[in-house]
Amino acid sequence: MSSFDKDSLSNTFIVAISICLVCSIVVSGIAVALKPTQQENKLLDQKQNILRAAGLLGQDSNVDEQGRDVDELFAEFDVRVVDLDSGEYRDDLDPATFDPIRAAKDPDMSQALSDSEDPATIRRRENASIVYLKRSEGEIDKVVIPVRGYGLWGTLFGYLALDSDLQTISGLGFYSHKETPGLGGEVDNSSWKATWPGTQLYNDQGEPDVRLVKRRSPEGSKAAQYEIDALSGATFTTRGVENLVNFWTGEMGFGPYLKRLKASA
Ligand SMILES: Cc1cc2nc3c(=O)[nH]c(=O)nc-3n(C[C@H](O)[C@H](O)[C@H](O)COP(=O)(O)O)c2cc1C
């Protein structure tokens, strides 16, 4: 009489493989089912970051003072793709699907930067990027641009918002970086971020000239209008932030677009 040996080596393998298979099917199923929610959350997070940079949403809030939520507030923005060299709109590219960061990795959609062209250490710059425009009674109210650049440990990704004059900074916020908490990570400190609004961007020569300084110029002086406190113990991150702001608002960044926008206002 043949006896069934449930402890045999082959049965142990069959049971172990079956359990692995069932678990992997369950995990993959959950991952696939959660993908749309993850994408929705990513989009919501992006909108919140843009609104926070523009000062339209509190740093820890999901609604404004009038109770308007993120989608309602973001709906006031016109989202456009811009050719960075000419500063013209690219209506052939859909802002809903165009990804500037991905474009920067594609040699057909970006250009390599030489060392002198690359103070933000991004190596390649996309040919086109996205702008977020908020108008009020037909006039420009806020312009938000994506910015990025190298700190100490990696690239900081964020948004810079400008006021209607395209000269005054409305806010800066980073949604991703690798800087050390308490040192370079202080880029996320809300007190430091609150010092950005009102800072002047272009100097008398029309060049972006934001300076992150250890010692501020006397209050009321012209130089002080361009200055932001450096992050203490984080010289590399500080330099990185200064460089990326000046790069993305300069000739190789959104400078040509912002000039055009100013001229058309
Ligand atoms: C563990 C560790 C983490 C650090 N993280 C940062 C950082 O995120 N950003 C930064 O600029 N410097 C960071 N530094 C400090 C730099 O190495 C460097 O000493 C500092 O930028 C000098 O700044 P200071 O001139 O303001 O003192 C870190 C140092 C250590 C040891």
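## Terms and Model

A residue is called buried when its relative accessible area is under 20%, exposed when that area is over 50%, and partly exposed in between, judged with a 1.4 Å probe and the protein chains only. By this rule Lys178 is exposed, because its relative accessible area is 58%.

The model is predicted, and local features need pLDDT of at least 70, side-chain atom pairs count only at pLDDT 80 or more, and totals for chains, interfaces and linings use all residues. Residues are numbered from 1 along each chain as its sequence is written, and side-chain values use heavy atoms, with hydrogens and water left out.

## The Ligand and Its Surroundings

The residues around the ligand are Leu152, Trp153, Glu179, Thr180, Leu183, Gly184, Lys214, Gly233, Ala234, Thr235, Phe236 and Thr237; a residue is near the ligand if one of its heavy atoms lies within 4 Å of it. By class, this shell holds five nonpolar, five polar and two charged residues. In this classification Ala, Val, Leu, Ile, Met, Phe, Trp, Tyr, Cys and Pro count as nonpolar, Asp, Glu, Lys and Arg as charged, and the others, Gly among them, as polar.

The side chain of Thr235 places an N or O atom 2.7 Å from an oxygen atom of the ligand. For Thr237, an N or O atom of the side chain is 2.7 Å from a nitrogen atom of the ligand, and a polar side-chain atom of Trp153 lies 3.3 Å from a ligand nitrogen atom. Taken alone, the ligand exposes 620 Å², of which the protein buries 57%; accessible areas come from the Shrake-Rupley method with a 1.4 Å probe.

## Helix α1

Helices here are DSSP runs of H or I with at least four residues, strands are runs of E with at least two, and both are numbered from the N terminus. Helix α1 covers residues 9-53, and its 45 residues should span 66 Å at 1.5 Å a residue; the end C-alpha atoms are 62 Å apart, which agrees. The expected span is 1.5 Å times one less than the number of residues.

At Lys35, α1 bends by about 40 degrees, and the proline Pro36 follows within four residues. The bend is the angle between axes fitted to the seven residues ending at a position and the seven starting there. Buried residues of α1 include Asn11, Lys47 and Ala53. Asp45 also lies in α1, and it counts as partly exposed because its relative accessibility is 38%. The C-alpha atoms of Asp45 and Val27 are separated by 25 Å, and the two residues are 18 residues apart along the chain.

Helix α5 comprises residues 235-248; its 14 residues should span 20 Å at 1.5 Å a residue, and its end C-alpha atoms are 20 Å apart, which agrees. Because 10 of the 14 residues of α5 are buried, this helix is largely enclosed by the rest of the structure. Among the buried residues are Thr237, Val241, Leu244 and Trp248.

Ile101 lies in helix α3, which covers residues 100-105. With a relative accessible area of 27%, Ile101 is partly exposed. Ile101 and Gly206 are 105 residues apart in sequence and 27 Å apart in space, C-alpha to C-alpha.

## Residues in Loops

Most residues other than glycine have a negative phi. Glu137, in the loop between β4 (128-136) and β5 (139-150), has a positive phi near 50 degrees. Glu137 is exposed, with a relative accessible area of 82%. Leu166 has a positive phi near 60 degrees and lies in the loop between β6 (155-163) and β7 (169-176). Leu166 is buried, at a relative accessible area of 4%.

Tyr202 is found in the loop between α4 (190-193) and β8 (211-213), and it is buried, with a relative accessible area of 14%. The C-alpha atoms of Tyr202 and Thr168 are separated by 8.5 Å, although these residues are 34 residues apart along the chain. Lys178 lies in the loop between β7 and α4. Lys178 and Gly154 are 24 residues apart in sequence and 5.5 Å apart in space, C-alpha to C-alpha.

Terms used. A polar contact is a pair of N or O atoms within 3.5 Å; within protein, one must be able to donate a hydrogen and the other to accept it, and residues adjacent in sequence count only if both atoms are side-chain atoms.
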